[in-house]
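Please keep the sequence and the model open while going through the points.

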Amino acid sequence: MRKKARLILSLLFLCATLNVSAKDLTTQEIKDIIVKVNNHWQKNHSPQERSFWDPAVYHTGNMEAYALIGDTKWLRYSEQWADYNKWMGASETDKSKWRYKEYGEDPQHVLFGDWQTCFQTFIDLYNISPEPYKVARAKEVMNYVATSSDVDYWFWSDALYMVMPVMVKMYKLTGDNAYLDKMWRCWSYANSIMWDDKEGLYYRDAKYVYPGHTTASGKKDFWARGNGWVVAAFAKVLKDLPYDDIHRTTYIDYYKRMADAVVACQQTQGFWSRSMLDESQAPGYETSGTALIVYGLQWGVNNGILSKEKYQATIDRAWSYLVDVALQNDGSIGYVQPIGERAIPGQIVDRNSTANFGTGAFLLAACEYYRKVSAQTLAVTDKRLKVTIENNQDLMRWQLVELSADDVFGKLGVAKGKTVRVLNARGQEVPWQLTYDGKFLIEATVMPLGKSTFTIVAGTPKNFPKQVTGRLVPERKDDFSWENDRSAYRSYGPALQQSGEKAYGNDIWSKNTPSFVADKWYAADVDAWKQIHREGITERSKIDSIFLEISFHLDHGEGLDCYAVGPSLGCGTPALLHNDSILFPYCWRTYDILDEGPLRFTVHLTYEPKTIGADKNVIENRIISLDKGSNFNKCIVWYDGMSQNYDVCSGVVVHSADTKHVLIDKNYVLYADPTDNADNNFQLFVGALFPDVSQTTFLKNTKKSSDIAGHVVGIKRQQLPTKSFTYYFGSAWSKYDCRSFEEWQIRGEQTFMALTHPLITELKVEKF
């Protein structure tokens, strides 16, 4: 962070001393600013705050920054905010109590637009990782709005930013034209009470309409942030609105008229004064309105709706203000007028005046300006990168291919980030991913002894849905859960350890759908317990009947948790050995999500310090990665604080109910677990693959137990403390992707072959 801070300071110093304009910053320099600003905000503010308009506006900026740069910490921040608010705006469930006709921050103001802004981010998060509960409340509330007869929902200018983008996102989500029709009717009403046709600007609301209200000097009073909301709203709406929408040309006409109006009243220093036509009403800098206008105008220029020749100079001056004045040395955004609705004479707004919505507006502006600079860079790039992937094995290969990110971006000559598109041989755009450790991932399917080709070109990629996901589950004793289209896994956390429950290893949730299931199953479990406590149910039979309907320990058509872990390694947990006796780890202490899709999920888990021999503070580290389409996780384990060589192992627990379906090879161990399935009508296949081990063996459980017979493991003897141990662990279900133990053996062998015989890649730069 200090390095980045020095970089930003040096950039600003250069701008000031060498007369270099902020508009001349490179994409990397702008990216550094975005990173600095957003990291500063998130470091100093918890995501656990309400879902009202002001934090919701920040999250629209955060999601824009994530879409541009792809930092998974930012995505997680918005997800944590959404989780905290249960993916709801105002929380009242009784529709007869829903209100909107006056300002309100209470739970009953469900129909008040300031409580609907959050749905922009909830829908964006859903599109990244589609799970119905994320948009259930948005659908409930916005469908009510769309099908009601009222049109006076938006009676203040802010509401156009707060809700119009929600309406068009709802249309894209559902395909229902009712949302676009209602947006038009509500906007028409808003227009009728706030639009000044002569000036081409919006009053904040009806009580500020001239001549009923004037500035102190008798002029029309147009609030900068209020008009910023509208300019930004037009950009967001036009971004998602179908090109054949019958009202699109009208929206564009008003958008252009506003663009002309704001250009005419910009201050010479680049900002817009709080009262746009009367700077004396509230003199001095103001950032939030300026940033929103920059975002709205730059989007129009970038997308060919507004003329670059006519508007870019205005945007550049405003951008210079944002970078040279609003941006502070610590990454905060100053000169943001506090929450309000007008230009207030005498109100102090200075460099220490910061706000969540102001930071969000700055991020919107910076991301759009980045795209402008990036487009200029891409316009002179006449190169494309042809990627050839060769399979020299006589079997079909389907896996993620790792390229060097430095090679990809360096050969194309573009900044690292979301600046390239990947096309398959037919020219279709396909997902790719930049990983925490500098890999560029492409999903490849290659025929036996065949080749596949891809082309990487400069450009802005699509946002593809995640095929892998994971999160902390604090509502279930700090489980950490992750899954792909094959299986789901969880590792137990601090809350479970504090409870004293002895569960050490990785757990598996079997499923028969590529859709994500973990969040839905957790939510159902939590809701069931809430019902039990709410209704005071104590009778065991009634409790059992509730869980019979929802418990994730029973198969309701998508899978279940049927794997018994307990005091064992479960599936693929690493452990140190002492005289071939397993020193079981307990629960993780900290976690850090490193990659979050769309193709690979990676988490770093650390464990509580332990005493191992003479070493008193040994800390285990695991980095676990799961790819789309894979039955196996990759695990890298190492130990900090070790001063001597040690033996380390990993593998799977063997249960006493079935000790026959075990296969031990020199490079893998496989097992068909009988599970805790009372019907005994399926098997859960588990295993671990070892590219580099000293031996594989069965370690018998010497403790008395009717459940655990022992473990089949791979052992790395005399592992040096400074090195890591890498292996792979995973699962399949007999009711889904592997029907028999024999098929599971083939899957394991082919996966191991792919690990030891990677596909051959070639990168070749070509001219267009």
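This is a predicted model: local features need pLDDT of at least 70, side-chain atom pairs count only at pLDDT 80 or more; totals for chains, interfaces and linings use all residues.

1. Tryptophan 87 belongs to the loop between α4 (72–84) and α5 (118–128), while tyrosine 133 belongs to helix α6 (residues 133–147), so the pair ties together parts that are 46 residues apart in sequence. Tryptophan 87 counts as buried because its relative accessibility is 5%, whereas tyrosine 133, at 27%, counts as partly exposed.

2. Tryptophan 187 and tyrosine 251 make another pair, and because their planes meet at 70°, with the ring centres 5.2 Å apart, this pair is edge-to-face. It links distant parts of the chain, since tryptophan 187 is in helix α8 (residues 178–194) and tyrosine 251 is in helix α10 (residues 248–264), 64 residues apart. Tryptophan 187 is buried, with a relative accessible area of 2%, and tyrosine 251 counts as buried at 1% relative accessibility.

3. Which residues form one aromatic cluster? The cluster consists of Phe480, Trp482, Tyr489, Trp588, Tyr591, Phe601, Phe690, Phe725, Tyr727 and Phe729.

4. An aromatic ring can also have a charge over it, as at tyrosine 66, where the charged end of lysine 418 sits over the ring, 5.0 Å from its centre.

5. Turning to the cysteines, a disulfide is a covalent bond between the sulfur atoms of two cysteines. The structure holds zero disulfides. Cysteine 186 is in no disulfide, and the nearest cysteine sulfur, which belongs to cysteine 118, is 17 Å away. Cysteine 186 counts as buried, because its relative accessibility is 0%, and cysteine 265 also counts as buried, at 8% relative accessibility.

6. Is serine 353 buried or exposed? With a relative accessibility of 13%, serine 353 counts as buried, because the term applies to values under 20%. Serine 353 is found in the loop between α12 (308–326) and α13 (356–379). Leaving aside residues up to four places away in sequence, serine 353 touches Ile333, Gly334, Tyr335, Val336 and Ile348.

Notes. Residues are numbered from 1 along each chain as its sequence is written. Side-chain values use heavy atoms; hydrogens and water are left out. Helices (H or I, at least four residues) and strands (E, at least two) are DSSP runs, numbered from the N terminus. Buried means under 20% relative accessible area, exposed over 50%, partly exposed in between (1.4 Å probe, protein chains only). Contact means heavy atoms within 4.5 Å. A disulfide is a pair of cysteine sulfur atoms within 2.5 Å. Rings of Phe, Tyr and Trp (its six-membered ring) pair if their centres lie within 6.5 Å; planes under 30 degrees apart count as stacked, over 60 as edge-to-face and the rest as tilted. A charge sits over a ring if NZ of Lys or CZ of Arg is within 6 Å of the ring centre and within 35 degrees of the ring normal.
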